[in-house]
Amino acid sequence: MSSVDGHPAETRSPEGLRPRAAERGPRERMVVHAADLIGRDGVAATSIGDVIAASSAPRGSIYHHFPGGKTQLMTEAVRHAGDYMAGRISSESSATPAEAVAEIGDVWRRMLVTTDFEFGCPVLAGGLARRSEPEVADEAEQIFGRWTRLISTRLVHEGVEAQRADSLAHLIIAAIEGAVGLCQTQRTVEPLDRVIGELAGLCEAAAA
């Protein structure tokens with residue numbers, strides 16, 4: 001497999017979820033690597049053994065740190081990914097909702113390119129695991145609700161009517177999640193770039 005720049009692809013973690021060994025303990029490393037693996041392979045295909053191997057954690061430590069086993073680990077991993085993106089949504093570095101949308105697009109663009117289009121959204125993957133891991137899916141549902149409220153609040157702050165802001169927030173999340181899937185399928189960031197451009201324009205128009 002080759003990366004988008006023509007060099008051999010490595011197992012690379014997406015920006016923001018990439019563990020730094022010097023700064024993270026074994027428990028946090030397991031959560032971070034689990035989020036990475038879920039984004040790549042889904043919840044069902046991510047085993048405790050995979051997480052232990054990726055994080056170089058002692059095999060006996062998994063139930064010490066996660067007495068709830070795989071369900072607890074997967075839930076915390078999805079929550080970690082959700083918290084990271086929530087931080088980007090509410091970042092003060094982007095003054096307007098349109099700028100926030102553009103910043104989210106930049107984050108996803110880097111994640112996709114850095115991982116050679118292997119990494120998708122761990123939160124969406126968690127939500128799709130309801131049949132096998134309902135607790136993980138419940139966590140994903142709460143995260144999507146949180147993202148929606150954060151975006152809606154920013155839009156209302158810019159003068160958008162509350163009901164319109166809520167609808168637009170749902171559209172933003174659905175469109176970006178869909179665009180990420182298209183980018184993975186087509187192995188290009190063009191769908192994301194087009195969607196982000198349209199969403200930013202909608203935000204600007206709604207706030208005008």
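A cavity is here a set of points, on a 1 Å grid over the protein atoms alone, where a 1.4 Å probe fits but cannot get out, and its lining residues have an atom within 4 Å of a point. Grid points are joined across faces, edges and corners, and a volume is the space filled by probe spheres set on the points. The structure is a predicted model, in which local features need pLDDT of at least 70 and side-chain atom pairs count only at pLDDT 80 or more, whereas totals for chains, interfaces and linings use all residues. Residues are numbered from 1 along each chain as its sequence is written, and side-chain values use heavy atoms, with hydrogens and water left out.

The protein chain contains nine helices and zero strands, where helices (H or I, at least four residues) and strands (E, at least two) are DSSP runs numbered from the N terminus. Along the sequence the pattern is α-α-α-α-α-α-α-α-α. The chain has 208 residues, of which 49% count as buried; buried means under 20% relative accessible area, exposed over 50%, and partly exposed in between (1.4 Å probe, protein chains only). Among contacts (heavy atoms within 4.5 Å) with a separation of 6 or more, 66% come from residues 24 or more positions apart. The accessible surface of the chain is about 10000 Å², and 52% of this area belongs to carbon and sulfur atoms. Accessible areas come from the Shrake-Rupley method with a 1.4 Å probe, and for residues only the protein chains shown count as cover.

Three cavities of 30 Å³ or more were found in the structure. The largest cavity holds about 80 Å³ of space. Its lining consists of Met 85, Ile 89, Ile 104, Trp 108, Trp 147, Ile 151, Ile 173, Ile 176 and Glu 177. Helix H4 (69–89), helix H5 (97–114), helix H7 (134–157) and helix H8 (162–186) each give two or more residues to this lining, with H8 giving the most, three residues. By class, the lining of the largest cavity has eight nonpolar, no polar and one charged residues. In this classification Ala, Val, Leu, Ile, Met, Phe, Trp, Tyr, Cys and Pro are nonpolar, Asp, Glu, Lys and Arg are charged, and the others, Gly among them, are polar.

The second largest cavity has a volume of about 70 Å³. Eleven residues line this cavity, and Ala 81, Met 85, Trp 108, Met 111 and Pro 122 lie nearest its centre. At least two lining residues are supplied by each of H4, H5 and helix H6 (122–127), and H4 gives the most, with three. The lining of the second largest cavity comprises eleven nonpolar, no polar and no charged residues.

Two aromatic pairs were found in a search of the whole structure. Rings of Phe, Tyr and Trp (its six-membered ring) pair if their centres lie within 6.5 Å, and planes under 30 degrees apart count as stacked, over 60 as edge-to-face and the rest as tilted. The pair of Phe 144 and Trp 147 is edge-to-face because the ring centres lie 5.4 Å apart with the planes at 90 degrees. Phe 144 and Trp 147 are three residues apart in helix H7, and therefore separated by about one helical turn. Trp 147 is buried, with a relative accessible area of 5%.

Asp 116 counts as buried at 1% relative accessibility, and Phe 117 counts as buried at 7%.

Key: On a 1 Å grid over the protein atoms alone, a cavity is a set of points where a 1.4 Å probe fits but cannot get out, and a pocket is an open set with protein on both sides within 12 Å along at least five of seven lines; lining residues have an atom within 4 Å of a point.
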